[in-house]
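Here's a quick tour for anyone meeting this structure for the first time. Have a look at it below, then read on.

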Amino acid sequence: MEQNPFAPPTSAPPPAEGGLVFSSEGVEVVSSLAKWMRGLSVFYFIFIGLAGLLSCGTVATVGVGSARGGGIVIGLVVAMAVMIAATMFLREAASGFERGVYSDDEMTLGAGFRSLRIYLIIFGVIGILSALRTIWAIVG
Amino acid sequence: MSSTRIPFTREDKEKIASAATWGLVVSVTSLITGALALLVELSSAKASEVFGQMLQTGFTVVINIWLLQASLALRKVASDTNANDQGNLLIGFRKLRAYFMAQVIVILIAVALGVLAFVAMKAL
């Protein structure tokens with residue numbers, strides 16, 4: 001396509017030497033990564049919905065007034081809140097990676113890493129608690 | 001992707017390093033939990049439970065090794081000494097893709113098996 005000599009000058013500066021320029025392979029890998037991350041987030045949303053139904057069922061059958069019913073509902077609500085946060089950060093990370101790669105912008109990519117970090121912190125804490133619970137079950 | 005440095009800001013590099021550290025935490029704690037759970041099941045007498053736990057532990061080991069590799073590659077991106085930022089970033093993204101893809105596939109298989117078991121129970 002020929003360049004229009006009457007076009008106004010673009011405001012975007014030319015890409016810096018040695019900056020972020022993704023190859024088609026890199027774009028394909030990140031695009032695919034973002035799709036799988038979003039796919040996993042859909043399953044997380046389904047699990048959150050099932051946990052919500054379970055807590056409603058618990059309220060209907062056991063009732064929140066009893067200590068057992070109240071404990072189950074509080075546990076499910078906390079688990080749902082944690083999973084909602086993790087799912088949102090996973091989706092944000094996927095969007096950040098995809099936008100950063102398509103625009104060759106390291107700032108947007110950095111934002112994706114920030115969201116991925118929070119997602120990994122949530123699962124890191126869950127992993128530590130899970131390991132401690134397993135050790136407790138063996139020792140106790 | 002060419003082998004060049006990426007001009008990440010200092011703050012972004014710190015976040016990438018922190019994400020890599022937490023990735024290591026997730027993978028190591030998952031590997032420890034998987035190994036311990038297998039040890040507990042091995043002490044039980046039921047062979048079917050042991051087989052199921054072995055499958056689960058095998059899957060945990062594979063996906064967490066991918067997460068470990070991704071975290072190590074991202075640590076290199078965050079470090080100032082390594083010049084091949086884009087190459088390491090691509091390795092990290094590839095391993096992360098394998099990590100998330102395997103999880104989705106296993107959930108799909110588990111859901112399919114669950115539906116099959118439900119249908120089989122209804123048919124009996």
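What is the handedness of the crossing of α1(A) and α2(A)? The crossing is left-handed. Keep in mind as you go that this is a predicted model.

## The helix pair in chain A

Let's stay with those two helices. In chain A, helix α1 covers residues 24–61 and helix α2 covers residues 67–102. Their axes sit 9 Å apart, and the packing angle is about 165°. Anything over 145 degrees counts as roughly antiparallel, so that is the label for α1(A) against α2(A).

What kinds of residues make up this contact? Sorted by class, the contact of α1(A) with α2(A) has 26 nonpolar residues, nine polar ones and three charged ones.

## The helix pair in chain B

Now hop over to chain B, where helix α1 runs over residues 10–43 and helix α2 over residues 47–78. The axes of these two come within 8 Å and cross at roughly 160°. That makes α1(B) and α2(B) roughly antiparallel to each other.

The crossing of α1(B) with α2(B) is left-handed. As for who takes part, the contact of α1(B) with α2(B) splits into 20 nonpolar, 10 polar and four charged residues.

## Where the chains meet

On the chain A side, 43 residues are in contact with 37 residues of chain B. Between them, the chains bury about 3600 Å², and carbon and sulfur atoms give 78% of that area.

Which residues of chain A lose the most area to chain B? They are A:Trp36, A:Phe113 and A:Leu120, which together account for 19% of what the chain A side buries.

The crossing of α3(A) with α3(B) is left-handed.

## Salt bridges

One salt bridge to look for is A:Glu25 with B:Arg94, whose closest N and O atoms are 2.2 Å apart. Because A:Glu25 lies in helix α1 of chain A and B:Arg94 in helix α3 (residues 85–123) of chain B, this pair joins two chains.

Notes. Residues numbered from 1 in each chain as written. Chains lettered and ligands numbered in written order. Predicted model: local features only at pLDDT ≥ 70, side-chain atom pairs only at ≥ 80, totals over all residues. Heavy atoms only, no water. Axes fitted to C-alpha atoms, helices over the stretch in contact; angles between N-to-C directions. Helix = DSSP H or I, 4+ residues; strand = E, 2+ residues; numbered from the N terminus. Parallel < 35°, antiparallel > 145°, perpendicular 65-115°, else oblique. Left-handed = near helix turned anticlockwise from the far one by under 90°. Nonpolar A, V, L, I, M, F, W, Y, C, P; charged D, E, K, R; others polar. Contact = heavy atoms within 4.5 Å. Buried area = accessible area lost by both parts, 1.4 Å probe. Salt bridge = Lys/Arg side-chain N within 4 Å of Asp/Glu carboxyl O.
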